Amino acid sequence: MTTELLIWLIPLPPVLAFFLIVLLTNKNKALSHTIAVGAALLSWLGSMIVFVQALGVEHLGEHPLGGEPINWLPLGESVDTYFKIGVLVDPLSAVTLFFVAWTVLMIFLYSVGYHNFGQPVGDHDHPGLPPHGATVEEHGHQRSSPVGKHVVPSIEPMYSRFFAFIGLFAFGMFVLVLSDNLLTLFVGWEIMGLCSYLLIGFWYAKPSARDAAIKAFITTRIGDVFMLLGIAYLYSATGTLSFREIFTEGILHTLATVPSGVLGLSAAGLIGLLLFIGTIGKSAQFPLHVWLPDAMEGPTPVSAMIHAATMVSAGVYMVIRMFPLISLDPTTMAVVAFIGAFTALFAATIAVAQNDIKRVLAYSTISQLGFMIAALGIGAYVAAVFHLVTHAFFKALLFLGSGSVIHGMEHGVLHTGNHKVDPQDMFNMGGLRRKMPITFWTFLIGGFALSGFPIITAGFWSKDEILADAFGHGHTAVFVTLAVAAFLTAFYTMRQITLTFLGEARTKEAEHAQETPWTMTLPLVILAFFAVTYGWVGIPEHFPALGGLVPNWFHEFVGGTLAEHPEAVEFSVWPLLTSLFVALGGLTFGWLVYRNVNSAAEDRLQIPVLKNKYYFDEIYDRVFVKPAYWFAEAVIYKFMDQSVIDGILHIFGPVTDRLGSAIRNYFDLPVINRFFGDGSANVTYWFGGKLRAVQTGRIQQYLMLALVVFIGIGAALYFFLLA
Amino acid sequence: MNFIDTHLLSLILFVPALAAVIILFLPNGENKLFHWFTLGASLIPFVLSLVVWFRFDATQSGFQFEEAYVWYEAIGSSFHLGVDGLSLTMVLLTTLLTPLAILASFSISDRVKAYMMLFLFLETGMLGVFMALDLLIFFVFWEVGLVPMFFLINQWGSANRNYASMKFLIYTMGGSLGLLLAIQMLGVLFGHFDLVRLYEGWNSLDPTKTLLGLPVSTVKAIAFWAFTIAFAVKVPVWPFHTWLPDAHTEAPTAGSMILAGVLLKLGAYGFLRLILPLYPNEARIFAGALAVLATAAIVFGAFAAYAQTDFKRLVAYSSVNHMGFVVLGIAAAAFAAGTNDATIALNGAILQMFNHGLSAAGMFFLVGVIYERTHTRDLGKFGGLFPLVPVYGGILIFTSMASLGLPGLNGFISEFLVVRGAWPILPIYTAISMLGLLFTGAYILKGIKQVLHGPLNEHWARGEHKLTEINTREILVMVPLMALILWIGIWPAWILNVINNAVVKLF
């Protein structure tokens with residue numbers, strides 16, 4: 001099989017799994033997950049083969065894999081006007097493919113355990129609601145002596161459907177990564193939008209999940225419609241959407257010089273901005289960040305899918321992909337850098353006040369994506385890609401780890417039967433390190449990577465590179481903002497670890513928490529491996545002691561994507577010291593503050609404005625959502641359509657009616673009926689009445705009359721003819 | 001066979017009418033017989049139009065499968081039929097949707113004989129418009145289609161059917177008065193009504209000459225507006241759209257399928273067949289106005305749909321929104337005729353006509369499925385039905401997503417092409433219409449939310465009201481639609497090729 005064909009085939013297994021499960025095997029849970037995991041494995045295998053082959057290509061940036069695109073849409077007279085689609089694997093897509101394939105496979109495997117495969121069917125479980133557990137008779141060590149009933153986790157009622165949906169989700173991401181043009185990238189982009197809607201709202205019978213799903217879809221769609229305009233603009237300006245053709249000097253030069261007529265931006269600037277708005281929606285950047293924390297309503301593997309493997313990474317991937325275009329206009333770049341840096345700090349401040357274990361991670365995702373966007377905005381291309389990859393690994397790890405924690409806690413809740421205890425609230429946990437050792441150690445690795453724990457974690461290397469770039473290129477404001485955000489990151493991460501795993505159990509449920517099955521812990525271990533080692537492929541050359549021991553492969557490889565290989569930033573000790581300080585300082589500080597905090601009441605950071613996320617949900621609801629509905633209902637429908645337009649139409653009815661009756665009353669009745677109709681009848685009647693006098697019935701009179709007439713006619717004839 | 005080969009179009013056109021006449025002589029009260037006979041009869045034109053589709057040579061310009069018969073020699077009108085890529089696409093849509101609509105009507109048990117006859121006559125009427133190459137014939141079929149639809153709404157419709165059917169009839173008739181006059185005027189001027197010859201003669205008229213004592217430009221402007229209003233009512237272009245939600249909502253399910261699926265396309269077809277080729281200059285002058293109305297339809301249609309509490313009305317308003325994209329594409333093409341952008345916009349507009357036919361028919365049918373079981377269309381009375389009807393739910397979400405324009409399904413391709421074509425020509429209007437695209441998402445998700453998601457409304461869960469799953473016959477109605485929706489979304493070249501060639505040759 002040629003590499004080209006193999007690249008085409010990579011996205012197919014998950015989508016085939018989707019159709020197979022939906023149409024045929026959805027009744028059979030084991031078969032369904034086998035198909036889905038098998039499909040993920042096939043795609044993973046294909047991706048790894050392609051990745052390895054891509055590594056072997058010299059100057060992959062200039063000679064990407066993928067072969068010739070094929071004709072897709074006929075759009076004009078000649079063959080040139082065909083819209084062509086194809087696949088492309090250059091260094092950027094190769095490294096993305098690598099982490100997508102790994103995280104997707106891990107998430108698929110994890111889902112088997114997460115949805116309690118092998119457990120009994122729940123007592124009162126309904127499709128559309130999370131499983132509530134099943135009662136089983138427990139037999140003691142001596143056989144046939146039941147020691148009583150107890151409740152164990154029950155299998156998800158819509159188990160097969162879940163695997164179908166995540167299959168489609170993975171398909172969307174593979175399409176996006178492998179596309180050689182912006183249109184099929186957008187197709188993958190939107191398929192993921194649909195899947196996020198379906199999966200966030202997986203437990204659709206919960207109103208909160210249903211609303212979160214709609215919120216996610218609509219908020220990202222705001223970005224999408226702008227992006228669609230950007231695509232249309234780019235296509236009409238250049239006549240192509242193919243990356244190979246756009247990123248050529250001629251076209252880029254034209255785009256950079258042609259004015260767009262809007263805000264003094266060049267065409268490239270406006271297109272870049274429109275596309276970037278798409279990323280703001282998809283990667284949950286300020287001000288469209290509101291959907292991502294609510295996306296927690298979905299099952300945890302979905303959160304990992306959205307936060308790491310697919311959805312939000314897609315947004316960043318797209319701007320990175322379009323970097324040669326976006327970087328043409330300094331105004332656009334400034335906007336990108338500002339949004340990124342602001343979001344990084346803004347989301348970090350919210351994260352410190354959240355108590356839901358997943359919600360903390362959600363805000364940390366927004367914040368970390370801000371790091372990548374900011375890096376891109378200051379031109380640190382490779383650093384942005386690096387952080388995208390490392391983040392995907394450690395964030396997938398953290399989410400799956402938090403899911404494992406929640407799962408363990410739910411076990412405890414089922415054991416005690418006290419359903420009032422929220423298994424996601426960190427203040428209900430504590431001391432889980434002993435109950436769930438694998439989860440603890442892997443979570444610790446993920447958390448340290450997120451915090452940028454020096455040297456050993458991948459997060460350190462990628463975050464350090466961003467800071468070094470910001471410092472080295474003189475973007476002081478961005479540097480300071482990101483450094484503060486990084487400090488907060490380390491702080492809230494340690495808060496999370498401390499509250500969850502360290503100290504003593506704060507509730508009975510936490511005491512009865514249990515380690516999760518291998519299908520869940522194995523993915524954690526594998527992801528933890530990457531969360532550590534992936535950083536070592538990108539150690540800067542001049543780093544003290546370590547630099548040069550291993551080549552900075554990542555920079556060399558990914559840098560080759562761009563036509564002009566970006567220079568590695570010169571080594572400076574200040575950003576390094578900053579990263580060391582913020583990471584270690586934040587971690588220590590977090591531990592010092594929270595090691596003795598036992599309840600939310602003791603937590604001094606429960607500040608209402610942070611806890612309520614700066615009231616963005618409330619503000620948006622008042623300013624956009626409610627007015628939009630009011631406008632739709634009261635103004636457009638009731639007023640414009642029903643009152644004005646139909647009102648005008650309804651005038652025709654009565655007017656015609658009046659006109660009709662006027663014609664009848666003032667013309668038909670008096671003139672036609674009375675005058676002509678009745679009139680002629682009356683005249684005839686009157687005349688007839690008068691004539692009646694002569695009709696007496698006496699024969700003599702008739703003869704007499706006849707004689708008179710005869711004489712009269714005879715006289716007349718004589719007079720006229722003879723005389 | 002030879003007869004069939006040479007009379008393909010007439011056969012497609014008249015088989016339904018003939019079948020309707022035969023039904024008249026079938027014994028009364030045999031509902032099953034009527035159902036199956038009508039379904040069989042409506043499949044014949046479908047098969048024949050497939051034959052035409054595969055024999056059609058897209059690379060040729062001009063009309064194919066032409067047939068011409070003496071009809072009304074005294075005034076120079078002949079019975080002239082023929083198809084090009086544009087009309088063939090519409091013929092295929094019509095012959096495809098009619099059997100599906102008839103299959104959807106198997107649940108009708110009231111006066112089945114008359115119902116089925118009307119449906120078949122309706123099919124002949126619609127097909128005639130798409131095939132006619134003679135203006136008088138065009139007009140005859142244009143009006144013929146109205147009558148069965150009026151009775152279908154008026155006799156088999158729901159509560160407010162009298163108002164809706166009268167509004168529909170009078171509005172459309174009122175619109176077509178001008179059309180009739182303008183057609184007559186052309187007939188008087190040229191001594192014939194033949195469209196092919198008109199295409200050639202009309203634009204070569206010396207503009208300094210006078211016709212009927214008026215300058216040519218004035219005559220053309222008057223005729224242009226007469227045509228435009230007739231078609232605008234039918235599409236419907238905002239603000240002539242208010243008949244649509246009433247008629248669609250009150251019509252029986254199959255009637256709504258055909259109304260949205262095919263009848264609306266008659267108006268857009270008129271724009272493409274008559275206005276753009278016959279009045280390119282006037283169209284260019286008034287393209288801006290048309291674009292304003294198209295944008296208004298897209299945006300206001302989406303908002304109005306979002307405001308609905310009646311499921312069927314929501315879907316009805318979505319038609320206003322979607323047909324707005326067709327008109328936007330037409331306006332863009334009118335403004336910059338002959339450019340590549342215009343070609344792309346028209347490709348998009350025509351494909352959007354076909355796509356909307358599929359998704360709107362599907363949506364109306366699905367609304368009908370649930371209405372038949374619950375006897376309500378009030379969105380507030382559903383809620384959380386997904387666990388009760390998982391198959392129906394899946395189909396509804398799929399079709400809704402097609403309507404929403406999800407990439408990978410058909411609607412996206414056409415909407416993208418319209419946006420792409422219109423953007424360089426009418427950037428402001430295109431940008432504003434994005435607001436409509438956003439709210440398309442809002443109303444579609446609102447429909448799904450209120451029907452399928454959320455806590456289960458226990459009323460439908462058990463007892464006599466227990467909601468039953470969609471049955472095999474109903475799934476069969478949806479399968480061809482869904483297959484096409486997916487197929488066009490993934491590989492649109494098979495149909496876009498035909499459309500594209502027609503657009504390149506025609507405009």
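**Chain B and the domains of chain A**

Mentor: In chain B, 62% of the 507 residues count as buried, a residue being buried if 20 or more other C-beta atoms, placed from the backbone, lie within 10 Å of its own. This is a predicted model, in which local features need pLDDT of at least 70 and side-chain atom pairs count only at pLDDT 80 or more, while totals for chains, interfaces and linings use all residues. Residues are numbered from 1 along each chain as its sequence is written, and chains are lettered from A and ligands numbered from 1 in the order in which they are written.

Trainee: Why is chain B called as compact as a globular protein of its length?

Mentor: The secondary structure of chain B comprises 20 helices and four strands, helices being DSSP runs (H or I) of at least four residues and strands runs (E) of at least two. Its radius of gyration, taken over C-alpha atoms, is 22 Å, close to the 23 Å that the globule rule gives for 507 residues, so the description applies. That rule is 2.2 Å times the number of residues to the power 0.38.

Trainee: What makes helix H11 of chain B largely enclosed?

Mentor: Eight of the eight residues of H11(B), 243-250, are buried, so the helix is largely enclosed by the rest of the structure. Among them are Trp243(B) and His248(B). The cover includes helices H7 (146-156) and H8 (161-190) of chain B.

Trainee: Which domains divide chain A?

Mentor: They are domain 1 (620-692) and domain 2 (698-723), with bounds from an automatic or database domain assignment. Their C-alpha centres lie 61 Å apart.

Definitions and conventions:
Buried ≥ 20, exposed ≤ 12 C-beta atoms within 10 Å, placed from the backbone. Contact = placed C-beta atoms within 7 Å.
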